[in-house]
Amino acid sequence: MSMIADFYGGKSILITGATGFLGKVLMEKLFRTSPDLRVIYILVRPKAGQTLQQRVFQILNSKLFEKVKEVCPNVHEKIRAISADLNQNDFAISMQDMQELLSYTDIIFHCAATVRFDDHLRHAVQLNVTATQQLLLMASQMPNLKAFIHISTAFSNCNLKHIDEVIYPCPVEPKKIIDSMEWLDDAIIDEITPKLIGDRPNTYTYTKALGEMVVQQESGKLNLAIIRPSIVGATWQEPFPGWVDNVNGPTGLIVAAGKGFLRSIRATPMAVADLIPADIVVNLTLAVGWYTAVHRPKSTLIYHCTSGNLNPCNWGKMGIQVLATFEKIPLERAFRRPKADFTTSNVTTQYWNAVSHRAPAIIYDFYLRLTGRKPRMTKLMNRLLRTLSMLEYFINRSWEWSTYNTEMLMSKLSPEDQRVFNFDVRQLNWLEYIENYVLGVKKYLLKEDMAGIPEAKQHLKRLRNIHYLFNTALFLIAWRLLIARSQVARNVWFFIVSFCYKFLSYFRASSTLKV
Ligand SMILES: CCCCCCCCCCCCCCCCCCCCCCCC(=O)SCCNC(=O)CCNC(=O)[C@H](O)C(C)(C)COP(=O)(O)OP(=O)(O)OC[C@H]1O[C@@H](n2cnc3c(N)ncnc32)[C@H](O)[C@@H]1OP(=O)(O)O
Ligand SMILES: NC(=O)C1=CN([C@@H]2O[C@H](COP(=O)(O)OP(=O)(O)OC[C@H]3O[C@@H](n4cnc5c(N)ncnc54)[C@H](OP(=O)(O)O)[C@@H]3O)[C@@H](O)[C@H]2O)C=CC1
């Protein structure tokens, strides 16, 4: 009997960010392990021409929710999508919906955020700080609320090397930042952004740190906890291995490597790749929700959901395994063969960017133009290089996160809960996980059919032949130009030709003698 699953039975749960990567895995696990929960309220905005209902329908009918439908056939009735935009005052929730949320909510999981690294500070503050503050205000008016779980990031303090499960204050109070965003114009915000974020690499990590401070300021009144996952990757085991549906973090680079766009990346192979599977994050989150509501710790506990100190893997090992998997199971219609390497200096990075990224893109676009098609590769490559430059900060450093609270919580779980809500990253086999991750990228993100593997391998063989042909042609042209211009090259060429001629004459003469 799982105490955690039992706890969520009959409860009304509010999830923000339920349409996101982590939110969907969280919802799936809740429905699968506690099908008798009362309702899950999700705050959703209409997006990309889809209504709320269409968005929910699409999620529930996706591969991710296949198992849920077996254990909870009436899942459609248990999900209540509430129209909300976290950028608006009171989230633009109708009075009636607001009343329902305030009256019934038992637990809140706050996952919504902007995870873009390059977001304008005003927008990042609005979503990651102001919206958190507003949600806390709403929470304080909920008579039945038992726990508020805030999802932050292990990188909110990435300006430090060793990070404990505590809140590190930012120099400027979040309230002051929120106020200033209301009256400062964009130009001034742009000017002060580097000063405000200080030694953090982007507005994302900075605003997530401010969000934590906002949560801490409410800790006297509410029963709160903060979860800090590191780099969230595809699922490890549940509902099945390798599930992933967006390109954030390493996923996009795995796609780019598999399609042959990514040939070199500035990374430190020995740096710790602090990846954490999405299902581990979700299991910890649900265990924290239970523990916070039932045991009501005296202070707001912070839980690091990281892998580095318990079961470290490095980027070198990860990269090699990604490429090894693509050897066996290639992606379809690759641009070039998957073959990438790590570089460590700025000079070599610039060199390989020019030779391995920009030059092939220019040549391919030239070919597209010649064949009457629209060039697109240079644009795509520029975007990839921009993305690489944004991610580089995280793949050239290592951090140490202490995990006392997470380990303490593990020890409080019954053996059954440790099994059903397993967040023990020590049990994870990295090579197996990465292989499943790559497979998941192919199947669930790119929706490629496994039956297409022989054709994909054939395509890679063709690319290899084109590569050899191209290199030979390039060499011959270069050589021809060289001997036209240099006496030394002509002498070398004369020497090689006469040597070959003599060798052939000798070979012919000796074979004639034998006869
Ligand atoms: C020895 C052998 C070596 C072999 C090596 C080869 C193997 C390679 C695999 C291993 C590589 C490991 C790399 C690890 C990278 C680690 C990242 C760590 C990040 C840690 C952050 C902390 C965790 C968090 O808390 S937050 C969650 C993470 N958030 C993000 O990841 C968001 C990042 N994305 C952005 O901020 C933006 O998308 C940005 C700024 C990168 C680009 O913005 P832009 O406006 O230019 O474009 P978009 O419209 O957003 O997208 C354009 C285009 O790019 C695609 N794309 C987006 N993100 C990625 C990505 N991560 N990788 C690749 N491609 C990406 C996107 O889909 C769009 O494509 P279209 O085709 O145009 O639609
Ligand atoms: N992915 C990762 O590697 C990590 C993530 N985290 C944290 O985990 C949480 C979830 O991240 P993840 O699932 O990856 O992110 P996603 O980008 O996949 O999801 C973000 C969610 O927030 C919602 N959202 C954004 N803006 C609004 C808005 N204005 N109104 C309503 N909803 C909005 C999105 O809705 P919509 O679908 O409408 O856009 C989406 O559901 C975040 O707090 C993030 O900081 C922490 C560490 C690592």
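How much of residues 492-509 is helix, how much is strand, and how far apart are the end C-alpha atoms? In this predicted model, the chain over residues 492-509 is 100% helix and 0% strand, with its end C-alpha atoms 26 Å apart. Residues 466-483 are likewise described as 100% helix and 0% strand, and their end C-alpha atoms lie 26 Å apart. An unreviewed UniProt entry places the feature "transmembrane region" at both of these spans, 466-483 and 492-509.

**Domains and annotated spans**

The domain assignment gives domain 1, made up of 3-244, 270-316 and 399-448, and domain 2, which covers 456-514. Taken over C-alpha atoms, the centres of domain 1 and domain 2 are separated by 61 Å. The table sets out the secondary structure and the end-to-end separation of the annotated spans.

| Residues | Helix | Strand | Separation of end C-alpha atoms |
|---|---|---|---|
| 15-284 | 42% helix | 14% strand | 16 Å |
| 357-448 | 70% helix | 2% strand | 25 Å |
| 466-483 | 100% helix | 0% strand | 26 Å |
| 492-509 | 100% helix | 0% strand | 26 Å |

**Surroundings of ligand 1**

Ligand 1 is surrounded by 34 residues, of which the closest are Thr153, Asn248, Gly252, Gly319 and Ala340. At least two residues of this shell are supplied by each of helix H11 (250-258), helix H13 (315-328), strand E12 (341-343) and helix H15 (377-395). Sorted by class, the shell around ligand 1 consists of 22 nonpolar, seven polar and five charged residues.

**Surroundings of ligand 2**

Around ligand 2 there are 28 residues, and the closest are Gly17, Gly20, Leu86, Ala113 and Val232. The elements that give two or more residues to this shell are helix H2 (21-33) and strand E8 (231-233), and H2 makes the biggest contribution, with three residues. The classes in the shell around ligand 2 are 14 nonpolar, 10 polar and four charged residues.

**Packing of H2 against H12**

Helix H2, which contributes to the shell around ligand 2, also packs with helix H12 (residues 278-295), at an angle of about 60° and with the two axes 9 Å apart. Why are H2 and H12 classed as oblique to each other? An angle from 65 to 115 degrees would count as roughly perpendicular and one under 35 degrees as roughly parallel, whereas the angle here is about 60°, and H2 and H12 are therefore oblique to each other. The crossing in which H2 passes H12 is right-handed.

**Backbone details**

How values were computed
Residues are numbered from 1 along each chain as its sequence is written. Chains are lettered from A and ligands numbered from 1 in the order in which they are written. This is a predicted model: local features need pLDDT of at least 70, side-chain atom pairs count only at pLDDT 80 or more; totals for chains, interfaces and linings use all residues. A residue is near a molecule or strand if its C-beta atom, placed from the backbone, lies within 6 Å of it. Helices (H or I, at least four residues) and strands (E, at least two) are DSSP runs, numbered from the N terminus. Ala, Val, Leu, Ile, Met, Phe, Trp, Tyr, Cys and Pro count as nonpolar, Asp, Glu, Lys and Arg as charged, and the others, Gly among them, as polar. Domain bounds come from an automatic or database domain assignment. UniProt positions are given in the numbering used here, feature names are shortened, and annotations may be inferred rather than shown by experiment. Axes are lines fitted to C-alpha atoms, for helices over the stretch in contact, and angles run from 0 to 180 degrees between N-to-C directions. Angles under 35 degrees count as roughly parallel, over 145 as roughly antiparallel, 65 to 115 as roughly perpendicular and the rest as oblique. A crossing is left-handed if the near helix is turned anticlockwise from the far one by less than a right angle, and right-handed if clockwise.
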